[in-house]
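Here is a brief report on charged side-chain pairs. It covers how they connect the chains' parts and how accessible they are.

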2 protein chains.
Amino acid sequence: MLRLHDKPQETTMTPFPHTSRRRLLSGGATALAALGLGRAQAQTASAPTPAAAAPARSLPPYVDWKDAEQMIVHTGTTIETRRSAFGTSIITPAERLYIRNNLPAPEVGIVADPDAWAMAVEGVQQPRYLTVRELKALGIETVATVLQCSGNGRGYFAGKPSGTKWTVGAAGCVLWSGVPVRNVVAALGGLAGGARFMTGTGGEKLPEGLDPRSVMVERSVPLKAMQDALLAWEMNGEPLHHAHGGPLRLVVPGYSGVNNIKYIKRLAFTAAESDAAIQKTGYRMSPPGTKGDPSHPSVWEMDVKSWINGPAPETGPLRAGWVQVHGVAMGGTRPLRRVDVSIDGGQTWREARLVGPDLGRFAWRQFVLPVQLPPGQHVLASRAQDTQFNWQVETSPENAGGYLNSGWRSHALPITVA
Amino acid sequence: MLRLHDKPQETTMTPFPHTSRRRLLSGGATALAALGLGRAQAQTASAPTPAAAAPARSLPPYVDWKDAEQMIVHTGTTIETRRSAFGTSIITPAERLYIRNNLPAPEVGIVADPDAWAMAVEGVQQPRYLTVRELKALGIETVATVLQCSGNGRGYFAGKPSGTKWTVGAAGCVLWSGVPVRNVVAALGGLAGGARFMTGTGGEKLPEGLDPRSVMVERSVPLKAMQDALLAWEMNGEPLHHAHGGPLRLVVPGYSGVNNIKYIKRLAFTAAESDAAIQKTGYRMSPPGTKGDPSHPSVWEMDVKSWINGPAPETGPLRAGWVQVHGVAMGGTRPLRRVDVSIDGGQTWREARLVGPDLGRFAWRQFVLPVQLPPGQHVLASRAQDTQFNWQVETSPENAGGYLNSGWRSHALPITVA
C-alpha cells in the first residue's frame, strides 16, 4: 500500500521541441577562414587574439549539429563544452565535444568517400601512399582517450597568457577506432632507420601568399608514441566527422590535442622534429612573455589532472543537503590511482569513489563523493594521483602560451548553497 | 625520400552536405499512435503485424534526428540499426540506436524539466514519491549494457513468428548513468518483506476505452536483478532522450529490452508478477502457434550471443585479399570468454581477438580476426563463449513470439568476394 509522502506537483506538460538538442542554428556567418588564420598567427607569434574576447553567440554552420546550449562559442574555430555538460557516463558525445582548429578545414567533400582518402607514409622500408580502404585491411584497434586542447585551463592562469580563455571544456573522452600505426609500419617493412620522431602533417588547405611552413599543421612527437598511436577513421561508433578530423586522424594517446593530426595526409618517421612554425616555435613551454624556440619543451604528454563537474552553479540554484560531488580525472599517460575531493578549497580532503567502467590509462574516469552541504559559500576542488604516486599539482607554472594548466587550485569551483 | 607506389587518384571533391548524418527528414507522417497500438495488440494476441511488412521509408518526426541512412524503418515504432552501421568502437551512439515502443510515448514535455519527473517507490519500508532531483542526491553509478529487443533476430527464425522481422540491429551497447536501485531501497528503509519481484511501470499514455491491464507497459523481473539495476537519467554522456525513455528509465543489466522500463513512474517490490498482459501472456517463451501464459518462461535474461558486422555486403562490393572480419559478442549476464570466427559457414573455426576496452560483463565486446578471402562465396559466422564455458547455441528453439534468437547459424553472413 502506498503512503503518499511529498507527492510532487504534476509535472508541467508544456510543449517542448523534441529536437532541441539537435536543433539547427542558422546563426553567425563567422569569417571562418579569417579567424582560423588569425588564430594560427597569434599562436606562433604569441600575440593576443582579439576574436577570443568577443565570443560568438551561435554555432558556426560547420558544427551546427552540435548541442548549442551545452557549448561556449569563443570564436568560429574555438568552441568549448560547458562544465555542466559533461554528464557522468564517461564518454563525451560528438554533439558536446570541443572544437579547436588551427587552420580552416579542408573541403567537406573529403568525407563523401572516406575510404578513398590517401596518405603518404615515409621513413619506412617501403614508403608509399595508403588509402583508408587499404589501412582498414591492416588491422583494427579501439582505444579511449582524453582529447584535450593544449591550452585547456588557460583561462585559469593568473598571468593572462595569449589565446582562447578555455576553462575546463576544451577536453573530452572519446572512443577511437582505427589501425595501430605499428601495424602500418610493419606492413611497410619496418622503420627505415635513424628515426627519433613520428611526424604527422594535416590536410588543411593552406592560405595563399604565406610561407607554408609558417602556417601548416605539422607536429612531431617522440618515436615511442608510435606504440600506442592509431590512424583512426571512427569516433564513438560513427565514421569520424569532418569537424573532428575525418576521414582520418592521427590519434596519439596521452598527448595533447594539437599532436592528434586531423585529415592526416602524411605520416613520416624522421630524424629531426618538423621545422614548421607550429612545432619549432609554437606550442613550446616558454617563460611568460617570451617567444618559444626549440630549447623550450614541446607541448606533448598531458599531466595528471582532474576537475569537478557537478554540482554546477550554471544549472541553477543549489539547495542545502546531500549532493553527489562528481568530476573527471585522468592520469595523462599513466593509469589513475585515486582522486581526493575537498569542499573547503583544499583545507581538507576525502577520497572519492571511481565510478563506472575503466576505459584504460588514456581515458578519464568519473569520480563521485557524497557530501552534505550546509547553506553558504563552498569551494569544491579535486586532486588526482596516478599509479606512480604523482599527485596533480596545486599550481601549474605560468608559460607564454598558457599550455598544460592542471593546477587543482585554479580549477576549483566556488558554489553558493541556499 | 618518398617512392610513389600506387599513387591513388585524386580524391573527388564533390560537394557534400556536411550535416548529412544529422539531416532532418521531413517525411512520413506515420500514424504513430495507431501503429503503436497496433504493435501492442499484436504482441499480446500473437497476431502478425501487417505494418511490419510495409516498412516506412523515412524516420518518423520524433526520431528525425537519427542517422536515417544507417537505420531500417520497419514501422513508426520499430526501427533497427543496419548491420554495417555498428562500427568498431563498441558504443552505439544515440543517432544509431534502435527504437521499439509498445505504446505511444508520453508527451515530450516531460523532458523539459527532467529533474521534476516523479516516480512512486512501493514495497519498501517507507514508500513514497521521489523526483529525479531527489534520486540524483542518492548516488551515481555508470554501467555499460547491451540494450537488445527481446525479438532481435526474429527475422532469422525459419518458422515465421509474428512481429517485426528484426535481423541483428534491434540492439546496441550504451553507457547509462543513474542511481543504483539498491541505494534507493536503502534510503527508503529497505524492502518491506515478502518481495520476489521488482516490478516497473512505464509512464506511457494509455489509450482510452481499453482495459489498462491489457495494454500498459509493466514488467516484473526476479528480485535478484535489483542488485545491478539503475534508475538512469543519462545515456552516452547526455540527458536520456525522450525517445529512449527519458527523463528516467529503469535499466536492468543483462535483461532484454522490454524489461528496461521507459519513463518509469512506479517501481514496486512485489510478491507476485504483474498481471498486466505484457507480463502475464506477452513475452513468454511459448511453443510456436500457442498463446503465452504464466507457465511459460518469461523473456528475461539474455543469452550469450555474437554476430559478424563486417565486412558487410551492404557497404559495397568486396574485393579478394586480407580483410578484418569483425563483430560484437556478449555474455548476456556473464563476462565473455572468447569468440570464434568461421569463414566457411561453421565447418572450421578460429579464435578471434577481443579488441578495445572491456566495459564490463553487461556490455558487448568487439572481436576481430584478419582473414585472407579468395574470390567466391563465403559464409561468415561467429560463436561466443561466456566465462562459464557456455557456448552460443547453433540454433535457438523456435517460439511463438520469436524471442531470444541467438543461434549462430541463422545469424551467419553470406558474402560474395569479387
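## Salt bridges overall

Over all chains, the count comes to 38 salt bridges. A salt bridge here is a side-chain nitrogen of Lys or Arg within 4 Å of a carboxyl oxygen of Asp or Glu.

The model is predicted: local features need pLDDT of at least 70, side-chain atom pairs count only at pLDDT 80 or more, and totals for chains, interfaces and linings use all residues. Residues are numbered from 1 along each chain as its sequence is written, chains are lettered from A and ligands numbered from 1 in the order in which they are written, and side-chain values use heavy atoms, leaving out hydrogens and water.

## Asp115 and Lys136 in chain A

A:Asp115 pairs with A:Lys136 in a salt bridge, 2.8 Å from N to O. A:Asp115 sits in the loop between strand S3 (99-100) and strand S4 (118-122) of chain A, and A:Lys136 in helix H3 (residues 132-136), so the pair ties together parts 21 residues apart in sequence. Helices (H or I, at least four residues) and strands (E, at least two) are DSSP runs, numbered from the N terminus.

A:Lys136 has 30% relative accessibility, so it counts as partly exposed. That class lies between buried (under 20% relative accessible area) and exposed (over 50%), with a 1.4 Å probe and protein chains only.

## Glu394 and Arg409 in chain B

B:Glu394 and B:Arg409 form a salt bridge at 2.7 Å, N to O. Both lie in the loop between strand S20 (376-386) and strand S21 (413-417) of chain B, so the bridge ties parts 15 residues apart in sequence. B:Glu394 is partly exposed at 38%. B:Arg409 is partly exposed too, at 42%.

Salt bridges with shared partners join A:Glu122, A:Arg213, A:Glu218, A:Arg266 and A:Asp275 into one network.
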